[in-house]
Structure formats: structure tokens, C-alpha cells
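Please look through the sequence and the model shown here before reading on. The paragraphs after it give a guided explanation.

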Amino acid sequence: VTEAVIRDEEWQRLHPLSPLLRGGVVLIAVIGYVASQFFDRFLSSINLDGILPGPDIGIGPAGEDGALEQVVAHPFLALLALVLLVAGVAGVNWVAWRFSRFRVAGGQVELRTGVLFRQHRQVRLERVQAVELSRPILARLFGLASVVVQSAGGSDSQLALSFISLNRAEALREHLLALAGQSEVVPAPADHALGTPPAVGDAVASPRAPVVAVPVVEVPNGRLFVATILHGSTIFLGAVLFAGLITAGVLSVGPLALAGVPAMLPAAFFIVLGRGKEMLTHGNFRLVDVGTGVRVTEGLTDLRTMTIPLNRVQALEVIQPIWWRPLGWWRVRVNVAGVGSSGSGDGEGERETTLLPVGTLDDALRVLTLLAPRVPASQWNDAVLGEGPQRGWQTSSARAKLFDPLSWRRNGWSDTDGAVLLRSGRLTRRAIAVPHARIQSLTLQQGWLQASRRVATLHVIPAPGPISPVIDHLDTEAAHDAFDRLNERARDARRGAGPIDPPLAPDPAGLVDWTQHPSGVPEPGRPDPL
Amino acid sequence: MDDPDPATSVSPVQVTLHGGDLPWQPVSPNLTRVRLITLALFAVPAIIATVVVGVLVTRWALLGTAAVVLVALWVAWLISRQVSAISCDEEIVIRKGRLFRSLVSVPYGRLQYVDIQSGPLMRAHGIASCEIHTASPESGGSLPGLPVAEAEALRERLSARGEAQRAGL
């Protein structure tokens with residue numbers, strides 16, 4: 001299948017329907033509007049026979065009424081206009097289709113679009129951060145999908161091939177991931193390795209054969225629904241409603257209390273909208289282990305598949321909002337460079353960096369150990385539930401009571417094999433892991449109030465994303481020690497002398513994919529490329 | 001606030017918020033001058049205004065004068081003692097601030113680009129500020145008040161080291 005759909009080095013076209021589908025919503029809206037108008041007129045003119053024209057005239061301008069009469073009067077002209085319109089749309093569509101081409105060649109993916117204003121975008125394969133398959137509902141009807149190649153950069157750093165047929169898209173995704181993974185493992189010039197067709201064929205065939213997609217987590221929609229409802233905003237709304245009802249009951253001012261309802265409506269609307277969007281985004285959530293990465297499939301209407309290579313994970317976080325505590329649910333998020341950074345829209349970022357929208361502690365631990373296999377489960381357990389300085393945890397002391405009256409026992413860090421673990425929060429519990437090799441820089445800060453209590457705050461800064469790891473209010477001496485220690489760990493990891501390379505990739509012996517890869521495991525001496 | 005930290009005496013090589021025994025490279029004294037000039041631009045008109053009001057309208061405004069003078073003196077004291085310093089081995093470490101201290105460590109291998117900027121006042125005093133950037137907008141740091149030649153040299157050096165120790169993301 002793969003060889004047939006992927007032709008390297010050659011310019012290929014997108015699916016002929018894609019320009020139509022890209023403008024799909026507008027087109028459907030226009031067609032829907034026109035159809036409903038005509039249908040209305042048709043009904044009213046047939047059934048009521050002009051006896052009750054009132055409501056129609058109220059809605060549409062008089063000119064349109066004339067237009068309909070003219071259509072009835074000159075059917076051939078109308079047909080001609082329709083044909084011209086269709087031909088025009090088809091023509092524009094065809095030109096747009098002719099002028100958008102893509103190819104995978106010379107170690108990069110390229111996409112050319114535009115007729116008058118041309119755009120040529122290319123992404124180097126070794127810079128690919130993640131490959132995503134997106135299927136909006138319209139494209140789904142036609143069996144099409146969009147392949148989105150994410151690279152590290154600003155908010156607009158993605159290359160979207162929309163749309164191509166589903167199996168071609170799937171093959172292309174596997175192919176790109178294989179090439180991206182390969183260019184990382186093979187230290188030789190990537191262009192050479194990719195230039196020869198047989199090598200490419202091998203690269204495509206070998207990861208496909210051993211990769212067994214092992215299901216890891218599935219989130220039932222019922223649980224997601226409850227978890228979505230249990231959110232600060234909805235609880236606030238519920239509390240306000242409850243308070244309103246109580247006051248109305250106690251003071252027995254029924255009609256008067258209703259006066260407050262319209263004022264509440266906009267807020268309620270946005271809250272419901274936000275929650276609904278969350279539900280739509282994360283519905284049907286499934287996470288699958290594909291050996292070198294994880295593949296996430298989610299979405300109620302717009303089904304998306306996103307693959308994140310393990311060694312592109314910059315930081316990971318497990319968090320439990322206080323509302324989920326009675327149910328024992330957790331959420332897992334990651335930082336992936338260029339994906340879901342603050343530049344892009346809020347919702348998009350959330351979607352692309354959530355690796356478990358809601359799950360039990362077991363689910364969360366399974367995802368976390370998959371992403372960071374070297375951090376032992378006991379450490380994670382301490383990170384999410386533990387408190388106080390024990391088993392290698394360094395926490396803030398009683399001096400931090402002023403700043404964190406509740407959580408000072410919990411706030412702290414622990415150094416593990418290959419990653420630093422941070423934990424914080426007593427009400428909303430949170431634990432973060434940053435691989436040593438992914439630490440971008442360290443910042444130690446101390447304000448005057450902190451100086452008077454002799455505590456300091458350490459920021460461990462990874463590539464940007466939803467997670468910003470902070471160790472709050474450590475004792476100054478402990479903070480200095482942590483600063484030095486982490487600096488040293490990061491230095492070792494960068495040199496590749498550290499125990500792990502690539503950072504959080506699985507143990508070579510532990511997984512099928514790495515051992516059977518044609519190039520074997522990466523050599524330890526080489527620093528990990530982006 | 002000025003006491004040496006106990007941690008410094010424990011291990012002399014440790015980098016601390018208070019400096020320690022490392023050969024920190026101080027910023028140009030011109031930076032202090034530039035900052036004092038900027039401070040004067042704000043403080044002097046305020047003092048004149050309050051004095052004028054105090055003489056012509058009400059004596060109470062002279063309290064305001066006193067307050068402005070006190071604040072200006074305090075800020076001047078902070079400025080003159082503000083040490084922004086660097087030390088280079090495999091990372092560049094920037095220490096700054098008096099009231100709010102911070103210590104930033106940026107590995108050369110993580111550098112994405114280096115910026116050099118100087119406004120008219122800084123240019124007149126022959127200094128420039130050098131800003132370093134990594135892949136994360138929240139990391140990185142700035143070195144204000146380097147002599148222009150030194151800033152250029154630093155940029156070259158940072159770029160060269162960054163190339164040599166390149167670690168990407």
C-alpha cells in the first residue's frame with residue numbers, strides 16, 4: 001500500500017475536492033441559505049397560493065421576490081446562470097488545485113500553494129516535532145483527511161496538507177514519522193540517505209512492520225462528560241444558581257429573582273460553550289503506544305490523530321483539580337516545541353498538548369511511565385500524592401509558611417535518572433517532570449520579602465508550552481544547591497555523557513521498535529539533534 | 001541584605017544570588033551614569049513642581065518634595081549598588097537586581113540568537129545592551145551596559161560557542 005501512495009522526490013497533488021472543502025463551511029452556508037429561501041418561496045407559492053404572503057415579505061427584501069418571479073419566467077436564463085456559477089466555482093477550484101503541490105524530498109517536506117500570491121513552505125524532516133492527522137466532519141464525508149506537520153517555531157509554524165485521501169494520509173504520516181525518526185538516528189547526512197529510493201523503501205517498510213500499536217488508555221465519554229462538568233466555571237455557575245434559588249425561597253420573591261436571570265445569561269452561555277468545546281475536542285479519546293511515540297485519537301465531530309515522538313516531549317505534567325479529587329481523576333499534559341504555545345489559540349494548544357483529558361491515577365501513571373520510562377512509578381507516586389522531605393525529595397521548609405500556608409510541605413523537587421521531578425499544590429495537586437536534556441535555562445529569583453524569610457524560587461525552563469515548572473520558596477541554601485545540581489545535570493545531558501540519550505526515549509532493550517530499527521540504537525556520544 | 005550568604009563559604013565555586021567568590025564581570029560604570037540621568041529626568045521636574053506649589057500655594061506640598069527626594073536618593077543608592085554581572089564557562093550566568101535578585105543561567109548550546117540594542121542616551125555613553133534568546137521566551141536574559149566593542153565581541157563569542165556546543169531543543 002505504502003509504495004503505491006508515496007512517491008518521493010516527485011511533486012504530488014492534493015485531492016481535487018480539497019479547495020472546495022477548505023472553503024466548505026462558507027459554501028454550505030450559502031447553499032443552505034439559498035435552498036431554504038427557495039424552499040420557503042416554493043411552499044408559500046404552492047400551498048397558500050399567494051393568499052398569505054405576509055410573513056415572507058416581512059423576512060426577505062422585495063427584490064428577491066422579484067428574482068424568484070424572474071426565475072420562473074425565464075427558466076433557461078436561470079439554468080444558464082446556474083451552469084455559469086457552477087462552472088466558475090469549479091474553474092477556480094481547479095486552478096487552485098492545479099497550483100497546490102507537495103513533495104517529500106531532499107530531507108524536507110515542501111508545499112507550494114497560490115496562483116497570484118504564491119507560497120512555498122518547507123519543513124526539514126529533522127525539525128518535525130509531531131505529525132497530526134485531522135478529519136473535519138466535511139472531509140470525513142468524502143473519506144479525506146488533512147496531514148499537519150508541526151515544527152518548532154511561532155504559532156504559524158505548521159504545514160498542512162489538506163486534503164488527501166485517508167489511506168494516503170495515513171501512509172504519508174507513517175512515512176514522515178519514519179523519516180523524521182530515521183534522520184535523528186542516522187548521523188550521516190540525511191539528504192544522502194533520503195535521496196536513494198531503496199533506503200526510503202526500507203525506512204518505510206521497517207517501522208511499519210514491527211510497530212505494534214498497543215492501546216494504553218481509552219477515556220469513556222461518560223467519564224469525560226462528568227469531568228467536563230466538574231470545572232471551576234460550572235461550579236461557580238451552579239453555586240450562583242443555588243444561592244439565587246435559596247434567596248428566592250427564603251425571601252419568597254419569586255418573580256423578582258427572575259430579573260437576575262438575563263444578566264446571568266451571557267456568562268452562562270460562554271461557560272456552556274467552553275465546556276461543550278472541551279467535550280467535542282476530547283471525546284472518543286484513545287491513546288496508543290506506537291513504540292517510538294504515542295498516538296492520540298480524539299474528537300467527537302472533528303476526529304484528529306496526532307503522533308508525538310517520545311523524544312520530542314519537553315516536559316510533562318499530571319494535575320488534579322480539586323473538583324476531581326473525590327473521584328480520583330487526573331489529567332496529563334505535555335510541552336512539545338512549537339505546539340500549543342501561547343501564540344496559538346487557547347483551545348488549540350489545550351487540544352494538542354493533552355495526553356490524557358481525564359483518567360484514574362492508574363491511567364495517568366501508565367501514560368507517564370510510557371513517556372518517561374526511567375522515572376520509577378514509586379517516584380511518580382510520591383510526586384502526585386506525597387508530602388514532606390522523604391525518599392530524595394527536597395521540599396521548602398517552615399520558612400515558606402508565609403507564602404504557602406497550605407502547600408509548603410508539598411512544594412519541592414526530586415532528582416531522578418534523566419529527569420527532574422517537581423511537585424506542588426495541596427488543593428490542586430500537580431507534578432511535573434522535565435528531562436535534564438530538555439532544560440533550556442534555569443532562573444533563581446528572590447524578592448525582598450523572600451530575602452527576609454531567606455527563601456528563593458527556582459524556575460526550570462523548558463521549551464514553551466502549557467507547563468511552566470517552578471519550585472517555589474526553597475530555603476536559599478537549598479535553592480542554590482538545586483541550581484548548581486540541575487545546571488550540572490543539564491550540562492551532562494547536553495554533552496550526551498549523561499545516562500540517557502535521547503532524553504526520554506525508551507530503554508533500547510525494552511522496546512521492539514528500537515532494537516529492530518535498521519540503524520540500531522543511537523550512539524551515546526552524540527548530542528541529540530532537534 | 002548585604003551579609004554574605006552562608007552557602008558561599010561552604011563551597012567557593014558555587015554560584016549564588018549574592019555572587020560568591022567567582023570572578024564576576026561588572027557592568028560598565030557608564031550604565032550607572034545613564035540610569036542616574038534617566039532617574040534625574042523624572043525626579044528633577046517633580047521636585048521643581050512640588051517646590052513651586054509649596055512656595056506659592058501651601059506649605060504642605062513641601063512634604064511631597066521631601067518624599068520625592070527620599071525616593072530618588074533611595075533609587076540612586078539601589079542603582080549605584082546594582083551589580084549585573086556575568087561569568088562564562090559552559091553557561092553564561094547573569095546576576096542582577098538588588099531588591100529583587102535573580103540569577104539566570106543560560107547554556108551556550110541553547111542559544112538561538114543574540115540581540116544588541118542601544119538607545120540614544122546609551123549610545124552617547126558608548127554602551128549597548130546585549131540580549132540573549134533561547135527557544136523559550138521566558139528564558140534568556142539581557143546584559144545591559146556593556147561597552148559597544150565588548151558587546152559586539154560578546155555576541156561573536158556567544159555565537160561561536162553556541163555553534164560549537166549546539167544542543168538544539
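The model is predicted, so local features need pLDDT of at least 70 and side-chain atom pairs count only at pLDDT 80 or more, while totals for chains, interfaces and linings use all residues. Residues are numbered from 1 along each chain as its sequence is written, chains are lettered from A and ligands numbered from 1 in the order in which they are written, and side-chain values use heavy atoms, with hydrogens and water left out.

Chain A has 20 helices and 21 strands; these are DSSP runs, numbered from the N terminus, with helices (H or I) of at least four residues and strands (E) of at least two. Of the 530 residues in chain A, 47% are buried. Buried stands for under 20% relative accessible area, exposed for over 50%, and partly exposed for what lies in between, with a 1.4 Å probe and protein chains only. Among the contacts in chain A with a separation of 6 or more, 60% are between residues 24 or more positions apart; a contact is a pair of heavy atoms within 4.5 Å.

The largest nonpolar core holds 43 residues. Such a core is a set of buried Ala, Val, Leu, Ile, Met, Phe, Trp, Tyr and Cys residues joined through side-chain atoms within 4.5 Å. The residues with the most contacts inside this core are Leu287(A), Ile308(A), Val318(A), Leu355(A), Leu371(A) and Trp380(A). Helix α16 of chain A, residues 361–371, gives the most to this core, with seven residues. A second, separate core has 25 residues, including Ala456(A) and Phe483(A) from chain A and Val15(B) and Leu17(B) from chain B.

Leaving aside neighbours within four places in sequence, Trp380(A) is in contact with Leu316(A), Val318(A), Leu365(A), Leu368(A), Thr369(A), Val375(A), Leu421(A), Ala431(A) and Ala433(A). Trp380(A) is one of the buried residues of helix α17 (residues 377–385) of chain A, together with Gln379(A), Asp382(A), Ala383(A) and Val384(A). The elements of chain A against which these buried residues pack are β12 (313–320), β13 (329–336), α16, β16 (412–415), β17 (419–424) and β18 (429–435).

Next comes the interface. The size of an interface is often given as the accessible area lost when the parts come together. Between chain B and chain A the buried area is about 2800 Å², of which carbon and sulfur atoms give 51%; this is the accessible area (1.4 Å probe) that the two parts lose on being put together, summed over both. In terms of residues, 30 of chain B are in contact with 36 of chain A. The rule finds nine residue pairs in polar contact across this interface, both residues being at pLDDT 80 or more. A polar contact is a pair of N or O atoms within 3.5 Å; within protein, one must be able to donate a hydrogen and the other to accept it, and residues adjacent in sequence count only if both atoms are side-chain atoms. Strand β3 of chain B, residues 101–107, gives the most to the side of chain B that touches chain A, with seven residues. That side has 13 nonpolar, ten polar and seven charged residues.

Two salt bridges are found across the interface of chain B and chain A, a salt bridge being a side-chain nitrogen of Lys or Arg within 4 Å of a carboxyl oxygen of Asp or Glu. Arg494(A) and Glu91(B) form a salt bridge through their side chains, at 3.5 Å from N to O.

Over all chains of the structure, 19 salt bridges are found. Asp363(A) and Arg223(A) pair at 3.3 Å, N to O. This pair links distant parts of the chain, with Asp363(A) in helix α16 and Arg223(A) in helix α11 (residues 221–229), 140 residues apart. Asp363(A) is buried, at a relative accessible area of 8%, and Arg223(A) is buried at 18%.

Glu387(A) and Arg426(A) form another salt bridge, with the closest N and O atoms 3.7 Å apart. Glu387(A) lies in the loop between α17 and β15 (394–395) and Arg426(A) in the loop between β17 and β18, so the pair ties together parts 39 residues apart in sequence. Glu387(A) is partly exposed, with a relative accessible area of 33%, and Arg426(A) is partly exposed at 36%.

How values were computed. Nonpolar A, V, L, I, M, F, W, Y, C, P; charged D, E, K, R; others polar.
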